[in-house]
Amino acid sequence: MKSNKFGEDFWKKYWTPPDEFIEKTQKSFKADKVFAMGLMPVRGPAGFRKLDYEFAEQIPVKEIITHLEEHHFNVLGVVIKDTDGACLWNTKIGWNPTNRDILGEFVDAGKDSNIRIMVSMTSMNDAYQGHIYPDRVSIHGGYGYHTDYNKNGEPFKSKYHPGDSTTRCEGEMRVDIPTEKNFSDVLEKIPFLQNKIDAKQGAARGARGKGYVPTTSFMCPNSGHVDYLVDLAEEVVKNYKIEAFFADYIRYDGSFTDICCCERCVSKFIKKYGDPRTILKSNQWYDFKEDTIASYGQKLSERIKNIDSDCLVGWFSLPGPKLFTRNRLGQNWTKLGAYMDSASPMIYPYLTGTRDDGLWWGFLAWLVYRYSILNMKNRMKEFNNQAILAITNSVECNVEEMLKQMRTFDFGLGIALFKYYGTSKAQWKALKKYALEEYGLDTLGL
Ligand SMILES: [Zn+2]
């Protein structure tokens, strides 16, 4: 095993892993160590800056399972609903633009393999639902700016006011229009696409996309959207044998400090705390946000466990400073942990930048890497009563950076990576070696 001053033993100094939850996670995944790869079917063949349903329609399910087996992975995490809102299974209540039961195909293919299937479902961020239910979208309570694009494809700041919807231009995903098609053809498939172009590819994260700009919406967590999500989870767990269900975007939109001030949220807050003057700026308000998100976590977990008590329920945590996760996201790690078996901190220091893009980006990423360690040291005790399985990235970084963060952020249960498409040949080779040399086939349950 490579020596690394971080990793499992290092983290034990800051957090006592709760045996019961560790064992539960190991039982669900049938392995001591999880070695998971994430698949984001709608994001195209390289990074994750594209939205592409035609790509999803052509995904070779069996080939993927075989490829993962050959590289000694034991878990495949399928993003069955991404931030666009498409539901990639045979759904009666959701929207599936791919005409394909991608989850069903993976579950079937997984049965004859060593690959266990888990799913990730994006929760509050849902462009399609925002498009069809604008009254369920989060509402601004203050003034500020959204990024918009002018007719030359250049970004500009567009002002919003109290009472305005938070639906705005998507930050990450862009859409290419194939030469044989025009905008209105694609609009039929992607009804939340705008006739606006982001013309320039930037170097910073969130500015690397190029193409047509869809909208994005963070739904109000006190709206009917929550019931919709819980019903979706029920449909999935009832109809597909999966080992784990993880909720992503189980939070408010982190870009703004002034949400959600819709009539539902405001009246609910006043009913509980009385004083409307404390909205947006008091401890009570932040408690209210945290409780709202935790209440969704509770509903989701209870619905899943009622159907399949063996299905592991987890959530993806944005590992920022407390001021950010509490005030903006409404993510309280301990409150959510009351209902969840496992937390997956998303630790992507090398998405900030990679040394391959030059010294400056390498330095920036190094800073974020060091910060990520410090932040987890300070805060991981807040994950009490949950197993921690971190996810880090393989895309948009090099082999050394990928391995470094995999070793560092293994909290004892192994590591998850994203994403399948975009991982380079050299990285696949390194991943296979890592699995063999640092985990071993027995530990991986292979
Ligand atoms: Zn609201």
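1. Asp198 has Gly211 of strand 8 as its bridge partner. Strand 7 and strand 8 (residues 211-216) are antiparallel and are linked by three bridges; strands here are DSSP runs of E with at least two residues, helices are runs of H or I with at least four, and both are numbered from the N terminus. Two strands count as paired where DSSP finds at least two bridges between them. The open sheet to which these strands belong has three strands in the order 6-8-7, with antiparallel pairing. Strand 6 (168-169) and strand 7 (193-198) are at its edges with a single partner strand each, so one side of each has no neighbour in the sheet.

2. On the basis of these remarks: the model is predicted, and local features need pLDDT of at least 70, side-chain atom pairs count only at pLDDT 80 or more, while totals for chains, interfaces and linings use all residues. Residues are numbered from 1 along each chain as its sequence is written.

3. The protein chain is split into domain 1 (8-133 + 223-439) and domain 2 (138-216), with bounds that come from an automatic or database domain assignment. Taken over C-alpha atoms, the centres of domain 1 and domain 2 are 24 Å apart. Contact between them involves 26 residues of domain 1 and 26 residues of domain 2, where contact requires C-beta atoms, placed from the backbone, to lie within 7 Å. On the side of domain 1 that touches domain 2, helix 6 (residues 127-132) gives the most, with four residues. That side of domain 1 comprises 14 nonpolar, six polar and six charged residues. In this classification Ala, Val, Leu, Ile, Met, Phe, Trp, Tyr, Cys and Pro are nonpolar, Asp, Glu, Lys and Arg are charged, and the others, Gly among them, are polar.

4. A second open sheet has nine strands in the order 12-11-10-9-3-2-1-14-13, with parallel pairing. Its edge strands, strand 12 (387-388) and strand 13 (391-393), each pair on one side only. Strand 13 is joined in parallel to strand 14 (residues 414-418) by three bridges, and Asn393 stands opposite Phe418 in strand 14.

5. Which residues of strand 3 point one way, and which the other? Arg116, Met118, Ser120 and Thr122 point one way, Ile117, Val119 and Met121 the other, and all are buried. A residue is buried if 20 or more other C-beta atoms, placed from the backbone, lie within 10 Å of its own, exposed if 12 or fewer do, and partly exposed in between. Strand 2 (residues 75-81) pairs with strand 3 in the parallel sense over six bridges, with Gly77 opposite Met118. Strand 2, helix 5 (residues 102-111) and strand 3 form a right-handed β-α-β unit; right-handed means that, with the strands pointing away from the viewer, the path from the first strand over the helix to the second runs clockwise. Strand 3 also runs parallel to strand 9 (residues 244-248), to which five bridges join it; Ser120 has Phe246 as its bridge partner there.

6. Strand 11 (residues 342-345) is covered on both faces, with Ser342 and Ser344 on one side and Ala343 and Pro345 on the other, all buried. Four bridges connect it in parallel to strand 10 (residues 312-317), and two connect it in parallel to strand 12. Gly314 is partnered by Ser342, and Ala343 by Ile388.

7. The largest nonpolar core has 123 residues, of which Leu76, Ile80, Val119 and Phe245 touch the most other members. Such a core is a set of buried Ala, Val, Leu, Ile, Met, Phe, Trp, Tyr and Cys residues joined through C-beta atoms within 7 Å. Domain 1 and domain 2 both contribute residues to this core, so it lies between them. Beyond its neighbours within four places in sequence, Phe245 contacts Val119, Ala233, Val237, Ile304, Cys311 and Val313.

8. The peptide bond from Ile259 to Cys260 is cis, with omega near 0°, and Cys260 is in the loop between strand 9 and helix 9 (263-273). Another cis peptide bond joins Phe418 and Lys419, with omega about 5°. Leu280, although not a glycine, has a positive phi of about 75°; Glu396, also not a glycine, has a positive phi of about 60°. Leu280 is partly exposed, with 18 other C-beta atoms within 10 Å, whereas Glu396 counts as buried, with 23 C-beta neighbours inside 10 Å.

Notes:
Contact = placed C-beta atoms within 7 Å.
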